[in-house]
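Morning, everyone. Have a look at the model on the screen, and I'll take you through its packing.

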Amino acid sequence: MSNAVSLRQYYINYSDQRSFMIKIGVINVSDRASAGIYEDIPGKAVVETLKEYLISEFETVYRVIPDEQDLISQTLIEMADVHNCCLIVTTGGTGPALRDVTPEATEVVCQKMMPGFGELMRMESLKYVPTAILSRQTAGIRNHSLIINLPGKPKAIRQCLDAVFPAVPYCIDLIEGPYLVCNQDVMKEFRPKS
């Protein structure tokens, strides 16, 4: 039996035991997209990428909101505490501009910060653009939710997610979230051998 088939069977058995739908939150933080001036391309790019990565079925909790720190924090809390999203991905608001406040909003609501995610994303982005050093992406844990801040450009979103996502399912295991199974042809998650 192949590894992908055995993982798939494990997931099916696990889902039967837990009897709830996996939820993933996606927040596009953008003044212009929230006002309808720009199309919401970054948030849609995250959803499409996650659909490629995962064979686990999941429901998306989706928001497009302006660059307001209190609103970002409030939305993160809602997704983590009310909707029980195991993973929450934000796009936008990670640069040095005055209205870029997504990392600050994330830090306020998290019990633990996971700086390795931001470090790896910047290292990956530096392969493509020197301005990656201006990005302040980060990640953190709120209860049973992993929150990851991504940049706002769809190409950079994919580059950053490709770099960090192998560690995401195991991180969610460690915070007692649902068991995520990846499509091994697209994304190979890492879990230590028991």
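One cut-off before we start. Buried means under 20% relative accessible area, exposed means over 50%, and partly exposed is what falls in between. And keep in mind that this is a predicted model.

N143 sits in the loop between β5 and β6. Its relative accessibility is 41%, so N143 counts as partly exposed. Look at its backbone too: phi is positive, about 55 degrees, although N143 is not a glycine.

There is another residue of this kind, E176. You'll find E176 in the segment after α8. Phi of E176 is near 65 degrees, again positive in a residue other than glycine. E176 has 58% relative accessibility, so this one counts as exposed.

Now to the interior. In soluble globular proteins, nonpolar side chains tend to be buried together. Which residues touch the most other members of the largest nonpolar core? They are L87, L146, I148, L150 and F165, out of 31 residues in that core. Several elements give two or more residues to this core: β1, α3, β3, α6, β5, β6, α7 and α8. There is also a second, separate core of 15 residues, and I65, A80, V101 and V109 are included in it.

Take L146 from the largest core. Leave aside its neighbours within four places in sequence. L146 then contacts C86, L87, I88, F117, G140, I141, V168, C171, I172 and I175.

Next, the helices. Start with α5, residues 102–109. Its buried residues are T102, P103, A105, T106 and V109. They cover an arc of only 160 degrees around the axis, so they lie on the same side of α5. What do they pack against? Strands β1, β3, β5 and β6, plus helix α4, residues 69–82.

On to α6. Here F117, G118, M121, E124 and S125 are buried. Their arc around the axis is only 130 degrees, which puts them on the same side of α6. These buried residues pack against β5, β6, α7 and α8.

Then α7. Buried in this helix are A156, I157, Q159, C160, L161 and V164. Their partners are α3, β3, α6, β6 and α8.

Let me stay with α3 and α7. Two packed helices are described by the angle between their axes and the distance between the axes. For α3 and α7, the angle is about 35 degrees and the axes are 9 Å apart. The crossing is right-handed. From α3, the residues in the contact are I41, P42, A45, V46, T49, E52 and Y53. They meet P154, I157, R158, L161 and D162 in α7. By class, that contact has eight nonpolar, one polar and three charged residues.

Last stop, V61. This residue is in strand β2, residues 58–65. Is V61 buried or exposed? Buried, with a relative accessible area of 7%. V61 and I24 are 37 residues apart along the chain, yet their C-alpha atoms are separated by 6.1 Å. Not counting residues up to four places away in sequence, V61 touches K23, I24, G25, V26, M79, H83 and C85.

That's the tour. Questions, please.

Notes. Residues are numbered from 1 along each chain as its sequence is written. This is a predicted model: local features need pLDDT of at least 70, side-chain atom pairs count only at pLDDT 80 or more; totals for chains, interfaces and linings use all residues. Side-chain values use heavy atoms; hydrogens and water are left out. Buried means under 20% relative accessible area, exposed over 50%, partly exposed in between (1.4 Å probe, protein chains only). Helices (H or I, at least four residues) and strands (E, at least two) are DSSP runs, numbered from the N terminus. The arc is that of the directions from the helix axis to the C-beta atoms. Contact means heavy atoms within 4.5 Å. A nonpolar core is a set of buried Ala, Val, Leu, Ile, Met, Phe, Trp, Tyr and Cys residues joined through side-chain atoms within 4.5 Å. Axes are lines fitted to C-alpha atoms, for helices over the stretch in contact, and angles run from 0 to 180 degrees between N-to-C directions. A crossing is left-handed if the near helix is turned anticlockwise from the far one by less than a right angle, and right-handed if clockwise. Ala, Val, Leu, Ile, Met, Phe, Trp, Tyr, Cys and Pro count as nonpolar, Asp, Glu, Lys and Arg as charged, and the others, Gly among them, as polar.
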